[in-house]
Amino acid sequence: MNNAINQKAKWRLGTFVPLGAMLSGLVMAGEPAVTYPAKTDTRHYQPHRHPAEDDETVLEDVKVKAAQAPKPNRFKAETSTTGSKAEMALRDIPQSVSVVTKELIKSQNAFNLRDALRNVSGLTIAAGEGARTGDSITLRGFAANTDNYLDGVKENGQYNRDTFFIEKAEVLKGASSILFGRGATGGVINQVAKKPTGKTGVTGAFTYGSYDFKRTTIDAESAYQNLSARLNFLFQDNGSFRDYNDTQRLGLAPSFRVKVDDDTSMDLSLLHQEEQGVFDYGVPMYRGKPADVPINTYYGFTDNRLLDTDTNVATAALNHRFNSDFSVKNTVRAGAYQRDYLTHLFGAVTDTGATSTVARTQALRRNEQDNVYNQTDFTYKKPLLGFNNTLMFGSEFGWENYDFKSKSSTGVSSISIFNPVITASSTGLASDFSGTLATDRYTKAQTYAGYVLDQFEITPEWKLLAGTRYDQFDAQQLDRISTNNFSRSDSQWSPRSGLVWQPDKAQSYYFSYGTSFNPSAESLSITAANANLPPEHNQNFEIGAKYDVFGGRLGVTAALFRLEKTNARTTNPNDSALSILAGEQRTDGFEFGLAGEVLPRWDMSMTYAYLDAKITKSTTTAVGTVSGLTKSFEGMSATNVPEHSGVFWNSYHITPQWEVGGGVFYASDRYADSVNEVTLPAYARLDAVVAYHQKHYDVQMNVFNLADTVYYESGQTSSALPGVPLSAQVTVNVKY
């Protein structure tokens with residue numbers, strides 16, 4: 001089955017391989033070297049005169065052709081659309097917001113959204129859990145797997161998000177259900193898509209790198225009268241430092257803007273992304289840490305490495321301005337996601353020293369998800385009682401359908417940890433969904449919500465933000481195997497408030513309070529244990545400062561916060577098959593950031609986070625894989641949350657043509673299991689970049705993990721995923 005799929009993928013994606021050669025040819029025909037005129041002695045220089053004025057020798061105008069100067073503030077954003085329902089200056093938002101700009105993404109060659117988000121303080125990349133695949137994110141110690149948004153509207157399918165079509169990534173941190181409904185506990189991730197600008201031009205990029213990495217992207221724009229269009233295209237084919245791993249990815253993202261009149265416009269967009277790859281969680285854990293084996297070691301089977309994803313998202317957004325004070329935006333989004341994959345998971349370790357083995361399980365899985373959302377946002381800017389005031393209100397309606405099937409393979413043997421012998425599949429390979437299934441369920445959910453949010457300027461120095469949202473969230477689940485069908489209906493108010501003090505244009509200080517809720521069916525799955533439970537409640541208290549220095553070129557931010565879940569699900573002590581809302585989880589933390597221009601031509605982005613994430617109350621227990629003892633979750637640190645983490649990245653233009661830069665990605669050690677016996681070690685990864693810029697082309701070289709440090713990006717109780725070793729990529733950008 002997998003061979004057939006791979007053949008289909010190679011045929012489909014191979015069609016676009018010549019694009020890379022075409023772009024390479026364009027680059028070879030690029031601009032000649034820049035030539036500067038000889039220095040002129042200005043004492044003998046005469047200004048240009050009309051011939052009739054005199055007969056003196058006239059010097060003709062000299063045109064100098066040079067590379068474009070670097071754009072200032074490449075890593076610093078001024079506004080965000082995520083901290084409010086309307087675009088707002090970051091200094092006016094009483095909450096921590098991180099913006100990863102397109103220039104920072106480009107400087108780091110961050111082709112996946114996960115790689116771009118490494119620049120966000122308090123955010124970590126997690127291993128997929130609970131049968132979830134695709135992007136898996138932890139924010140301030142809480143899972144944010146379902147908290148993905150595109151242009152402010154929910155986009156929560158399971159796939160690996162690419163950056164080929166996005167302008168920037170914004171992360172709002174802290175409980176924020178007033179803006180986004182269910183979830184939004186540790187925060188939300190919002191991708192801002194590239195849209196037509198009314199210009200005409202095309203840029204193309206080709207990247208080649210270690211492990212036969214090949215990637216081509218095209219970004220083309222055109223405009224005619226009231227219609228403008230933009231097309232972003234992606235093709236990627238790459239191997240991996242991990243044995244038996246490869247990825248093929250194809251993306252297409254057309255967008256259109258129709259200007260009906262001066263007050264009305266319509267934006268239409270489509271995202272299509274398909275990917276074929278390998279389900280791989282890395283190496284097994286051994287005695288509480290990743291097994292001491294080469295990081296390329298693979299433990300799966302050679303002939304069934306299925307991971308096939310198909311994503312389609314269509315969006316229509318109507319903007320209308322009634323007058324200078326009152327406007328509305330209505331967005332309709334339809335998403336369809338399908339993911340077929342063969343899992344490969346580790347089980348118990350039989351510890352016999354050098355001959356130790358680890359159990360393996362395998363299952364064929366398919367999840368299909370269809371979403372439709374309608375979101376309406378009104379903005380009314382009108383002085384109230386003589387004070388500036390911005391009122392935002394609106395509604396959201398959503399319908400989600402989720403179909404999940406799983407069939408387990410049989411006869412999957414254990415494998416040696418330190419000397420694995422890779423073979424073909426067992427005779428019990430699950431190759432289709434006939435026969436006995438382990439899981440076969442269908443879930444549908446409906447969201448009906450309304451909100452109101454007001455920003456009131458008490459004085460020019462003091463601003464008050466306050467509002468609330470009401471959600472009605474209903475879910476029904478049909479189990480096709482058993483009679484365990486569940487339904488759940490929850491209604492919830494989500495208030496938020498914030499106070500901002502701005503003594504001058506450079507300083508902004510704030511205090512905020514926000515809430516969120518997590519219903520049992522938040523991730524479109526209900527069990528007998530949680531079907532009768534109301535939502536969990538979360539609250540975030542935060543004080544912070546946002547300060548501009550060097551004339552606004554460099555932004556400094558800091559935040560001190562407490563995020564707590566006051567009624568977490570925990571095991572019922574009287575019936576272990578059921579859960580009760582008697583647990584508590586808390587994260588106390590501090591975040592610091594710098595972004596902008598330190599000196600002319602020197603850009604910097606730096607983030608740091610201290611997180612103390614604890615389970616403060618729990619009745620749930622688990623058996624430690626190292627000690628073999630039964631332990632309570634109470635008092636344990638949250639999984640996959642380093643106490644210290646940060647990123648430092650800088651870029652310096654030696655000349656308008658030459659740019660050098662690099663940085664460090666750091667995380668302290670963190671626990672991978674709930675009873676804190678399995679640890680992922682601390683690491684610091686050093687990267688570098690060198691680029692040469694010209695008017696119509698750029699050449700950029702990125703080197704990753706210069707010190708060739710062995711580190712692990714993420715993990716869970718039984719497995720750890722290694723990070724990239726020393727490697728490099730060269731990218732050629734063509735611009736016309």
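1. Let's start with Val690, which counts as partly exposed because its relative accessibility is 40%. You'll find Val690 in strand E38, residues 683-693. Val690 also belongs to a nonpolar surface patch with Tyr652, Ile654, Trp658, Val660, Met701 and Val730, and together they have about 570 Å² of accessible area. Keep in mind that this is a predicted model.

2. Now for salt bridges: the structure holds 47. One of them pairs Arg74 with Glu659, with 3.2 Å between the closest N and O atoms. Arg74 sits in the loop between helix H2 (18-28) and strand E1 (79-80), while Glu659 is in strand E35 (residues 658-667), so this pair ties together parts 585 residues apart in sequence. Both Arg74 and Glu659 are buried.

3. Have a look at Arg140 and Glu591 too, whose side chains meet in a salt bridge (3.2 Å, N to O). Arg140 is in the loop between strands E5 (137-139) and E6 (142-143) and Glu591 is in strand E30 (residues 575-599), so parts 451 residues apart in sequence are tied together. Arg140 is buried at 0% relative accessible area, and Glu591 is buried at 3%.

4. Arg287 and Asp351 form a salt bridge as well, at 2.9 Å from N to O. Here Arg287 is exposed, with a relative accessible area of 57%, whereas Asp351 is partly exposed at 41%.

5. Finally, a sheet: four strands in the order E17-E16-E41-E40 make an open, antiparallel sheet. Its edge strands, E17 (289-290) and E40 (712-716), each pair on one side only. Two bridges join E16 (residues 283-286) to E17, and Met285 stands opposite Pro290 in E17.

Note on methods: Residues numbered from 1 in each chain as written. Predicted model: local features only at pLDDT ≥ 70, side-chain atom pairs only at ≥ 80, totals over all residues. Heavy atoms only, no water. Patch = residues over 30% accessible without salt bridge, like charges linked within 9 Å, V, L, I, M, F, W, Y side chains within 5 Å. Areas by Shrake-Rupley, 256 points an atom, 1.4 Å probe, with all protein chains shown as cover. Salt bridge = Lys/Arg side-chain N within 4 Å of Asp/Glu carboxyl O. Buried < 20%, exposed > 50% of the residue type's maximum accessible area, 1.4 Å probe, protein only. Pairing = 2+ DSSP bridges.
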